[in-house]
Amino acid sequence: MTLLIIAYLGGALTILSPCILPVLPFVFARAGQPFVRSTLPMLAGMAATFALVATLAAVGGSWAIRANEYGRLAAIVLLALFGASLLSPRFASTLARPIVDLGNNLLNASGSGHAAPTVKSALILGVATGLLWAPCAGPILGLVLTGAALQGANLQTTFLLAAYAAGAASSLAVALLVGGKIFTAMKRSLGVGDRIRQVLGAAVLAGVAVIALGLDTSLLARLSYTSTASLEQAVLDGLQAKPLSGAPSEVASNDVIPAADAKKPFRSDLPVEGHAPSFGGAVEWLNSEPLTTEQLRGKVVLVDFWTYSCINCIRTIPYVRAWAEKYADQGLVVIGVHAPEFAFEKKTDNVKKAVGDFKIGYPVAIDNDYKIWRAFENSYWPAAYLIDAKGQIRYHHFGEGNYGGTEKAIQDLLREAGSQMTASAPVAPDAKGVEAGPDLGNIRSGETYLGYDQAANFASPEGLQADMAQNYTVAEPGLNGWGLSGSWVVGRDQATLDQPGGGITYRFSARDLHLVLGPGADGKPIHFQVTVDGKAPGPDHGADIDADGNGTVTATRLYQLVRQSGTVAARNFEINFLDPGVQAYAFTFG
């Protein structure tokens, strides 16, 4: 119920977002018409169509995206007829009979014809508008769609998306009621009903033209989403479940964890959060034979959910690795559950290489089908769960940080299981390169995806074109804006360079800049060169390039390209690829 409320409120906030602008001309064309017969069916059709298409897009793959593109084209034609009918009722008589009937239905729905508005015609208009509606992928809609992609098709996904769409429709209905009163007053006092109808018709045709040319995405990408995103995040924070009581507090890195008292049994005050589920969903195990909960009874188990291109997971690995080594003799078993975010992370060979590169020696369960993920009801990378010797979950932590608190929980459960460990300080791994912790005080840039499914702040004037080759250009973007240059094909999860000589530009502000890159289908190495503010990076180069900015993409993984050595400031990052075929997935910062 809480998630439904969050989704509804997130949809209601859409009225404050620039992404609602293309829809408004079609909605306000209903002003002054009967709410039940005209406005309500139109908004219901819009909300239902969006919920259906978004559900298919979240779980159905690229075929659903292509189906929606065809629906989008049909909607553009349909609404163009609607706009023309608003401009001139005689226009319908020049068309063939089937189109005349459709135009008259839409005309009646708008109140321009002589017949009363019908539920059917208003519903058709709502369906068409819903096919064109592309809501802002703010924190709430992002949460819903991410959960859908990870957990598969289910009724919960559809209900959440329907709640989001209903929230948006509700706020539009309120705006329309207010706007309708204004329009009615204008008609009574000024007698300009025909002029208003024609202005609305022109607005509808202008909106259709903007959407058909793809100008809506490039224009709206330049508008600020900060205020709406912050409002949505406030809703999430306010309605989110509070952390479980009894969770250990952070322990400073130099605090000594005291030894167990041999005179009396130790009992941790960590709460019981439930029974540990099975690990049977793994498709393969690395560094170990398959492990079961029965085999692990009597041991304390640390379960670490991770994926190998996630920068937050990478920065957690040194601590997990150190705990596995330090407490193995005391009865701790560490299990890494690799749950992929991108398709390339489902390739076991890629995971094997990453396990070797990160020097991971503990067991790793390959959870390509998200069965273990769902069994734990997990939603985060990274996520740590502690299981006691009786097979009960006693502690969890999401994200980076709180390493001292997690280690104290490990110590408590080991002591509870009978360990007589001596006093010791928490681990302090010497993390280097990409594994080093972030410079939190100087991060002003956030994770940015290059695939159209989650892309934001795209600054190339051509606009993001889905699943087709496009020549892009980019000038100097604003802070956290990015663009492409050269010929690229932007897919759902990544952008693929179609011809040599293309590049990516990003205006960022952080100590570190990382980019997830991979070679093409042929696997050939791809050479590239990085510049920072138009110059070779010099001492500001990352671990995967030299001081001149030269590097090579040899595997699909996260590449550290910039680490500012001095004062952290906003910089222009540019990467140019000398060979075609590179696949670029996401920027992350530290």
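Reply: First a term: a cavity is a set of grid points where a 1.4 Å probe fits but cannot get out. The model is a predicted one.

Me: OK, how many cavities of 30 Å³ or more does the structure hold?
Reply: There are 2 of them.

Me: Which residues line the largest cavity?
Reply: Among them are Asp304, Thr316, Val320, Trp323, Ala384, His397 and Tyr403. Two or more lining residues come from each of α13, β6 and α16, and α13 gives the most, with 3.

Me: What's the lining like by class?
Reply: It has 6 nonpolar, 5 polar and 1 charged residues.

Me: And how much space lies in the second largest cavity?
Reply: About 40 Å³. Its lining includes Cys310, Glu341, Phe342 and Glu447, and by class it counts 4 nonpolar, 2 polar and 2 charged residues.

Me: Switching to the sheet. What order do the 7 strands have?
Reply: β1-β7-β6-β3-β4-β5-β2, in an open sheet with mixed pairing. β1 (274–275) and β2 (284–286) each have a single partner strand, so one side of each is left without a neighbour in the sheet.

Me: In what sense do β2 and β5 pair?
Reply: Antiparallel, over 3 bridges. Glu284 has Ile366 in β5 as its bridge partner.

Me: Which strands does α13 touch?
Reply: Helix α13 (residues 311–327) packs on the sheet, touching β3 and β4, and its direction makes about 160° with that of β3.

Me: Where does α16 lie?
Reply: Helix α16 (residues 403–416) lies across β3, β4, β6 and β7, at about 170° to β7.

Conventions
Residues are numbered from 1 along each chain as its sequence is written. This is a predicted model: local features need pLDDT of at least 70, side-chain atom pairs count only at pLDDT 80 or more; totals for chains, interfaces and linings use all residues. Side-chain values use heavy atoms; hydrogens and water are left out. Two strands pair if DSSP finds at least two bridges between them. Helices (H or I, at least four residues) and strands (E, at least two) are DSSP runs, numbered from the N terminus. Contact means heavy atoms within 4.5 Å. Axes are lines fitted to C-alpha atoms, for helices over the stretch in contact, and angles run from 0 to 180 degrees between N-to-C directions. On a 1 Å grid over the protein atoms alone, a cavity is a set of points where a 1.4 Å probe fits but cannot get out, and a pocket is an open set with protein on both sides within 12 Å along at least five of seven lines; lining residues have an atom within 4 Å of a point. Grid points are joined across faces, edges and corners, and a volume is the space filled by probe spheres set on the points. Ala, Val, Leu, Ile, Met, Phe, Trp, Tyr, Cys and Pro count as nonpolar, Asp, Glu, Lys and Arg as charged, and the others, Gly among them, as polar.
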